[in-house]
Amino acid sequence: MNESILKALMKLFAIIANADAEKVSDKARTVVKSYLDMMLNQEYSEIYINLFDEFVKQHHHVRKNDNRKVRKQTSLNSVKVLKICSEINEQLQQKEKIVVVIRLIEFINQDSVITEKELDFVKTVSDIFNISEIEFSQLFNLATNKINDFKNKSDLIIINSEKENINSELKHKYVKKLDGELYILRIESTNTYVLKYTGSDSLFLNSQNINPSRLYIFDNGAVIKSQRINNIYYSDIVSRFLNEDVSSKVILKVDNIEFYYSNSNNGIQKFSFTEYSGRMLGIMGGSGVGKSTLLNVLNGTFPLHGGSITINGYDLHKDKEHLKGVIGFVPQDDLLIEELTVYQNLYYNAKLCFSNYTKDEITTAVDKVLRDLDLFAVKDLTVGSPTNKFISGGQRKRLNIALELIREPAILIVDEPTSGLSSMDSDMVMNLLKDQALKNKLVLVNIHQPSSDIYKLFDSLLMMDRGGYPVYKGNPVDALSYFKNAANYVNPEESGCSCCGNVDAQQPLEILEAKVVDEYGKVTKVRKISPGEWYKKFKKEIEPETQKEEQEIKDTKLPENHFKTPSRFKQFLIFTIRNIKSKLTNKQYLLITFLEAPLLAVILGYFTKYISGTDTNPDVYVFSENVNLIAYLFMAVTVALFFGMTLSAEEIIKDKKILNREKFLNLSKFSYLNSKIIVLFFISAVQTLSFIIVGNFILEIHGLTFTYWAILFTTAAFANILGLNISAVFDSVVTIYIVIPFILVPQLLFSGAIVEFSKLHKDFTSYKEVPVLGDLMTSRWAYEALAVAQFKDNNFEKYYFKTDMLKSQNNFILSYLIPELKNYANGCLSDINNNNITEKTKENLLILKNELQKLNKIGNIQFDEINNMTVANFNSKTYKALQTYFDSYTKFLNNNQYKLNLKNDSVSRFLIDKLGNREAVFELKQKNYNKKLEEVLRNKAEFDALKEEDHQLVQVIEPIFKLPESRNGRAHFYAPVKKIGNMSFDTVWFNIIFIWFTSLIIYLTLIFDVFRKLLNIFNKE
């Protein structure tokens, strides 16, 4: 309270002082002094009481018999009262205004005679302070002992030694041996409790002696003590004003629970307790004692190893369906989506919790919570990260709590709500949680170092010690006495400061962890009392007492709960919209994401645009002469993989904490993952399309935009899902980016572009098919699809490809295979005739036999003596028959080649007719047919046309024209088609489908969290 407000209040007290007296009575001055003592320290209290005396002299200097001047002074004072009240009205909180009015009532009642003028003055103040007439009347009647005049008696509780409640209109509490009566009035508008005592016992309120003629504020954590009676706690009184019907209460019963981490004795040791709605339980202890573990046990996240937890008789683990939405959990970590606004965070959370609410109802609920938590003014601000703040730490914490409060859970569990907050924010957050308890909720709070004010907010305290041992459960104020007694302190009953009422909340922890001092006066690491000893004391003294206080449940009916999750599809839509909005908010993310693809395309396109020139113009670009096209195709695949993986690598890990909460709410992970995938797919589609449009434009690649996009988008989509798998497996972003190279480098190495599959280590080399290692790489399928599409589907070659393929196959047999088979036959016959038969002779005969069988299947000419292709049967007769077969086959092939040449000529004539002349056809070829690509796909650099492998001759030249032998989808690199059984599929679309198939597999591993489970198994071992 600032200086100007205090001066104004002193003026107010001075004006309202008994004007009929020649001087203000000592009682009146005492009232003012006690108010100042409550607000200030001793030094400032003296300063302001002296100031009060001066103001009294100023306002009451008119002589008693001068009636005209008295009336004038009275009128003047009324004006002053209005002015002063108006000045301080906006400065004091409503609760403080209540206190001022209480002191004013006491002030005018100090001589038990209240004049009409004095009462009018106080009523005027009350009206200006916006205190209702009923509440003023209640306060006035309590101060003047007019209990029977109470209009709303339900706001009054009487405490006495009568076992039966004589007045049924009043709430009643029985306290054995209490002399006289204690009255406690609730001022509902501010949730303030006012105490008055009418007996003769020596009672103490927080170590302050209670004067029977005075009113006292019965505040959070307050306790009334006396040697004659049991303590009367604030929480006991508050609970009386809450709904007294036990059937409507939530009763949390923890019965002999145990929890231990695997391969460890650490966890939560066996213990029991019971808590009720309308109370706030604080869980205290040093670092690492198991406070957060206990909260995770109580909310059902961690399984029990013994005992049970029930809520109104329903088992937490067995009756999950009945308890859906009953528990709200606010972890210590942020659960906010940083890119969304305060309102959007709460709105989409509400959409996921209330499927039966309309849009207007959700908006109303969100606005209400924002107003209740004092967040409405910042509702349109982006939340931001803790390092890039747009809202304060206290507002972040309140918003985290709001995510749960909007569901109105009956039990609210909060982990370290004041961690990292200023003292002001801490007070605000804890008062917010206390308000929830006063709304008949059960609030459980884990807290580390509470201030005195926060400590006194708790209705009950549970203290934990190292090893998960519970060591205290009971009233927070009594905890101080309990530990002092146990440690043999001189003043164990002194639980707080007798002047200000503050308590040392750290003292129980200090006593708990007190260390032994050695003979040299040095503190050792040995505890005076071990956790096990404290635990034994708890089991012997504390736990039996808590069990005595347990209430019986008359009805297992749970409070009404509006929590209802939407269907999976609706969740998917909500998650998707939320995801899109969070990305749209991040302008930097959008700029980089959508500009990096075209910028990289410019870089790749520009630097791979090799300008060979022509005879007439050395600076002209000719597509057919661009030797870097292969590099561009390979880099396009690399870029797609890189885009897809980096785009998704952090998507899940950044939401890990939010996912844990959504798992707690039983929201669909399937819907969440699909929402991520659909958004990533859209971004990847835009990225790959922009890359292709720009890159292909620079390199003047015509007519294949959709094919390129289909291949690269498919590759990026695969990388998206793979990146999500990585993001779901690891717990650190650093680990993720360490792992990515281990995935990308093999993709590059075994793509077939950098190292030919035939040039790999001999254990993996294959001429017949791409090695299995290569088939596992998405880059191999994507790069092959691009290269094959560019070669055979370009605007020039697409007219010739089928004929060129048939010519190549015909020519291979004619020019390479048959001459080679003749050489094999000559060698075998020579070895047999010279009796020089070796294993090589036998192997050559087997190769000859295998190749003849393949020739029989291809052509119409059959060799009938295949069975004679053995060492025993191969002779001159067989040799002559074989030569005749080869001659016939050669003649057939020559004839076939002639026909294919004619067909090729007809295609050329068609193009000349279509384009107008040969120069136009040549120009078409220059713009679409790349020589370097032809060189690679026809393997022109290979010296040998054939290679021996698995007792067969394998064609290694012109792979683009060679049909695969395998019928299971596998093939040599750059095969034009793939075969499944008797069906052939174009390589481009087969490869695209295969990549989608592998994407489906890793999609299933993502949905079922396969890699995470495997990693957990590995870690356990």
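Modeller: Gladly, and one cut-off is needed at the start: a residue is called buried when its relative accessible area is under 20%, exposed when over 50%, and partly exposed in between. Please keep in mind throughout that this is a predicted model.

Colleague: Is Phe863 buried or exposed?

Modeller: The relative accessibility of Phe863 is 5%, and the cut-off for burial is under 20%. Phe863 therefore counts as buried.

Colleague: How many aromatic pairs does the model hold, and which kind of pair do Phe863 and Tyr885 form?

Modeller: The count comes to 47 aromatic pairs. In the one formed by Phe863 and Tyr885, the rings lie 5.4 Å centre to centre with 50° between the planes; since planes under 30 degrees apart count as stacked and over 60 as edge-to-face, this pair is tilted.

Colleague: How many residues apart in sequence are the parts that this pair ties together?

Modeller: Phe863 belongs to the loop between α28 (839-858) and α29 (876-915), whereas Tyr885 is in helix α29. Tyr885 is also buried, with a relative accessible area of 4%. The pair therefore ties together parts whose separation in sequence is 22 residues.

Colleague: Phe994 and Phe997 form a pair as well; by about how much of the helix are they separated?

Modeller: Their ring centres are 6.4 Å apart and their planes stand at 45°, so this pair is tilted. Phe994 is partly exposed at 23% relative accessible area, and Phe997 is partly exposed at 47%. Both residues lie in helix α32 (residues 987-1007), and because they are 3 residues apart there, the separation is about one helical turn.

Colleague: Which strands pair with β17 in the parallel sense?

Modeller: Strand β17 (residues 442-446) has 5 of its 5 residues buried, with Leu442, Leu444 and Asn446 pointing one way and Val443 and Val445 the other. Met280 stands opposite Val443, and Asp415 stands opposite Asn446. The parallel partners are joined to β17 by 4 bridges in the case of β12 (residues 280-284) and by 5 bridges in the case of β16 (residues 411-415).

Colleague: Which charged residue sits over the ring of Tyr343?

Modeller: A charge is counted as sitting over a ring only within 6 Å of its centre. At 5.3 Å from the centre of the Tyr343 ring lies the charged end of Lys379.

Conventions:
Residues are numbered from 1 along each chain as its sequence is written. This is a predicted model: local features need pLDDT of at least 70, side-chain atom pairs count only at pLDDT 80 or more; totals for chains, interfaces and linings use all residues. Side-chain values use heavy atoms; hydrogens and water are left out. Buried means under 20% relative accessible area, exposed over 50%, partly exposed in between (1.4 Å probe, protein chains only). Helices (H or I, at least four residues) and strands (E, at least two) are DSSP runs, numbered from the N terminus. Two strands pair if DSSP finds at least two bridges between them. Rings of Phe, Tyr and Trp (its six-membered ring) pair if their centres lie within 6.5 Å; planes under 30 degrees apart count as stacked, over 60 as edge-to-face and the rest as tilted. A charge sits over a ring if NZ of Lys or CZ of Arg is within 6 Å of the ring centre and within 35 degrees of the ring normal.
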